[in-house]
Amino acid sequence: MNNIKSKFKEPKIAVSFGFLAVLFLLLIISSKYLPFLLFIAILTISGGLTFFLIYLEFFASTVSHPKVISLDKITELIIEDMREGVVLYTPDFKIIKINPTAEKIFGLKKDEVVGKKISPELVKNKKFKPITQVIFPSLAPVVDQISSEGWPQQVEIKTEEPNLHLITSLNRVTDPQGKTLFFIKIIQDKTREEKILESKTEFITTSAHQLRTPLNAMSWAFESLYNSLEKKELKEIAAQGMDLSERALKIINDLLDVIQIEEGQYGYYFKETGIVDLIEKVVEEARPVAKEYGITLKFEPSASEYNITIDPNRIGIVLSTLIDNAIRYNTENGSVNISIEKLEKEPYLQINVSDTGIGIPPEEIGRIFEKFYRGSAASQAEPNGSGLGLYIVKNIVERHGGKVWVESTPGRGSTFHFTLPLNPSLIPKSKQ
Ligand code: ADP
């Protein structure tokens, strides 16, 4: 409405209405003195001209002569509307500007903070604590430098009371001589996202734990059936049921392991362990499955035992996953060979698990250690997989200070290698 009113104040519109007034005057005069036809002609020309001018003002002018808005105004609008918090401050930490998102994050009103100098002591003041911790990240209880050096400086911050998880990016605006005029801090609030993720993880963990109990019972029931049944065909069905419930249990256990890895709660208990002895035990455990698949399983132990510092349970998972895969992704009458060697030039042991199986296409090799990734041929050969085994393997080996990799030829077979340090000082202090 205001817009229309203002349009009438425009010069062209004023002229248009001037024409209308003349037209009206002519109407009065013409009725008395001029012939009727002349009046019609004037009416047509003036009316046409008037509406043409109105048209020009209302529509054509807005298209052909857009209003010029200053860049400052545009920047201002963008900052105000940003979903990230924005704080501008001088080199002596005086706040110049704070946008509505930042007001929300810090629980502060613009008027309370613009013009105020933020000093580290303000961290003791409940009201200004979050903004002070963002401007001086070292005052936050948890700080993680994301960017290495230079600008922008990116930092991840976690605060308490209030609980906030923020990712901040600090940049500076300089004059042509390079002197800092002001700093600009952009703040991404991850608090809500993290809470959602936490509750999702909690939901998955609880469901996985609850599924474990009935699956264990199912597996046990199938085993009892297998042992008590006489008829070969029925025994086979019971064996299949046993196998499937055990696979489902394995997937659930892998899922729980992955959740713990990602939350940094996958515990490790390192102790000196005879690795040759450990491999022998895992190979013996895998023999029944190898037999079931018709695969020959061989371990060529080295002449001597190596006592190294590892978590035997976790390295046991690495060995059983690699051997299990080598059996399942094998071909009929295939074989699996496990060997161990001491590297000549480096203080590491190398363990190799080699098979004569389906192999891995070159385009898939780079992806098989990713979470949930399953190869195309593997999914066909073995539908009951999770794609989590190698992801867990990689995490465990790297936590021990080793490396894992694969060499493979499709249709010929694969060899998985992993290394473990001989010297405990090569184990990373605490990666998780
Ligand atoms: P899953 O075996 O449940 O699929 P893994 O993480 O253990 O999950 O393996 C990921 C993928 O790596 C498999 O789906 C398969 O494509 C490939 N893979 C692993 N081991 C072998 C192997 N010995 N031979 C061929 N492919 C393998």
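A: Here is a quick tour, from the overall make-up down to single residues. Keep in mind that this is a predicted model.

Q: How many helices and strands does the protein have?
A: It has 14 helices and 13 strands.

Q: What share of the residues counts as buried?
A: Of the 432 residues, 38% count as buried.

Q: And the accessible surface, what does that come to?
A: About 26200 Å². Carbon and sulfur atoms make up 58% of that surface.

Q: What part of the contacts comes from residues 24 or more positions apart?
A: They account for 57% of the contacts with a separation of 6 or more.

Q: Let's look at helices. How do H10 and H11 cross?
A: H10 covers residues 275-293. Its axis comes within 9 Å of the H11 axis, and the two cross at roughly 30 degrees. This crossing is right-handed.

Q: Which residues of H10 and H11 meet there?
A: On the H10 side, they include Ile275, Leu278, Val282 and Tyr293. On the H11 side, Pro312, Ile315, Leu319 and Arg328 are among them. By class, the contact has 14 nonpolar, two polar and two charged residues.

Q: How do H11 and H14 cross, then?
A: H11 spans residues 312-328 and H14 spans 389-399. Their axes also come within 9 Å, crossing at roughly 145 degrees. Here the crossing is left-handed.

Q: Which residues make that contact?
A: H11 brings Arg314, Ile315, Ile317, Val318, Thr321, Leu322 and Asn325. H14 brings Gly389, Leu390, Ile392, Val393, Ile396 and Val397. Nine of these residues are nonpolar, three are polar and one is charged.

Q: New topic: charges. Why would two side chains pair up?
A: Side chains of opposite charge can pair when their charged atoms come close.

Q: How many salt bridges are counted here?
A: The count comes to 15.

Q: Give me one. What does Glu76 pair with?
A: Glu76 forms a salt bridge with Lys97. Their closest N and O atoms are 3.4 Å apart. Glu76 sits in helix H4 and Lys97 in strand S2, 21 residues apart, so the pair links distant parts of the chain.

Q: Is Lys97 buried or exposed?
A: Lys97 is buried, because its relative accessibility is 15% and the cut-off is under 20%. Glu76 counts as partly exposed at 37%.

Q: Which residues join Glu76 and Lys97 in one network?
A: Glu80 and Lys110 do. Salt bridges with shared partners join the four residues.

Q: What about Lys371, where is its partner?
A: The partner is Glu262, with the closest N and O atoms 2.9 Å apart. Glu262 is in helix H9, while Lys371 is in the loop between H12 and H13, so the pair ties together parts that are 109 residues apart in sequence. Lys371 is partly exposed at 33%. Glu262 is partly exposed too, at 47%.

Q: And within one helix, how far apart are Arg328 and Asp324?
A: They are four residues apart in H11, which means about one helical turn separates them.

Q: What is omega for the bond from Glu161 to Pro162?
A: It is near 5 degrees, and this bond is cis as well. Pro162 is in the loop between S4 and S5.

Q: What is phi of Glu161?
A: Phi is near 45 degrees, a positive value in a residue other than glycine. Glu161 is in the loop between S4 and S5. At 64% relative accessibility, Glu161 counts as exposed.

Q: Last one: what about phi of Phe93?
A: Phi is about 65 degrees there, positive although Phe93 is not a glycine. Phe93 is found in the loop between S1 and S2. Its relative accessible area is 27%, so Phe93 is partly exposed.

Technical notes
Residues are numbered from 1 along each chain as its sequence is written. This is a predicted model: local features need pLDDT of at least 70, side-chain atom pairs count only at pLDDT 80 or more; totals for chains, interfaces and linings use all residues. Side-chain values use heavy atoms; hydrogens and water are left out. Axes are lines fitted to C-alpha atoms, for helices over the stretch in contact, and angles run from 0 to 180 degrees between N-to-C directions. A crossing is left-handed if the near helix is turned anticlockwise from the far one by less than a right angle, and right-handed if clockwise. Contact means heavy atoms within 4.5 Å. Ala, Val, Leu, Ile, Met, Phe, Trp, Tyr, Cys and Pro count as nonpolar, Asp, Glu, Lys and Arg as charged, and the others, Gly among them, as polar. Buried means under 20% relative accessible area, exposed over 50%, partly exposed in between (1.4 Å probe, protein chains only). Accessible areas come from the Shrake-Rupley method with a 1.4 Å probe; for residues, only the protein chains shown count as cover. A salt bridge is a side-chain nitrogen of Lys or Arg within 4 Å of a carboxyl oxygen of Asp or Glu.
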